[in-house]
Amino acid sequence: MDRHELWKSIDLYKRKLFIRNEIKKQLLKSIKKNKYATYLQRNRAAFYLSNLPTTANLSVTNNRCFITGRSQSVDRKTRTSRFVFRSKAYRSDLPGFSRAS
């Protein structure tokens, strides 16, 4: 496994971890902010919220090109690097994008 494949697999793992913990995080935040919940429930929700892994944050994940694994200059909409984006746009593989005249 070369390093590009390793980066792509790590990026995919972080995204899956974020999705897995996102519902749990939203539920704990709503319990923590609920004024009708008991103090013990709110305190326990805050405790569990602080114990979630930091890799479960979306800000930890880097935008990586899903083809090359490049982390710099990646388009958010297509999730490709500028080199792959340019070559796909020239071959008209991307719908909605055309070459500039």
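Which residues make a nonpolar surface patch of about 240 Å²? The patch is made by L6, W7 and I10.

## Basis of the model

This is a predicted model, in which local features need pLDDT of at least 70, side-chain atom pairs count only at pLDDT 80 or more, and totals for chains, interfaces and linings use all residues. Residues are numbered from 1 along each chain as its sequence is written, and side-chain values use heavy atoms, with hydrogens and water left out.

## Fold and dimensions

The protein chain contains three helices and zero strands, in the order α-α-α along the sequence. Its radius of gyration is 20 Å, well over the 13 Å that the globule rule gives for 101 residues, so the chain is more spread out than a compact globule. That radius is taken over C-alpha atoms, and the rule is 2.2 Å times the number of residues to the power 0.38. The C-alpha trace spans about 65 × 35 × 15 Å along its principal axes.

Helices are DSSP runs (H or I, at least four residues) and strands likewise (E, at least two), numbered from the N terminus.

## Contacts and burial

Of the contacts (heavy atoms within 4.5 Å) with a separation of 6 or more, 38% join residues 24 or more positions apart. Buried residues make up 24% of the 101 residues; buried means under 20% relative accessible area, exposed over 50%, and partly exposed in between (1.4 Å probe, protein chains only).

## Surface

The protein chain exposes about 8100 Å², of which carbon and sulfur atoms supply 55%. Areas follow the Shrake-Rupley method with a 1.4 Å probe; for residues, only the protein chains shown count as cover.

Note on methods. Patch = residues over 30% accessible without salt bridge, like charges linked within 9 Å, V, L, I, M, F, W, Y side chains within 5 Å. Salt bridge = Lys/Arg side-chain N within 4 Å of Asp/Glu carboxyl O.
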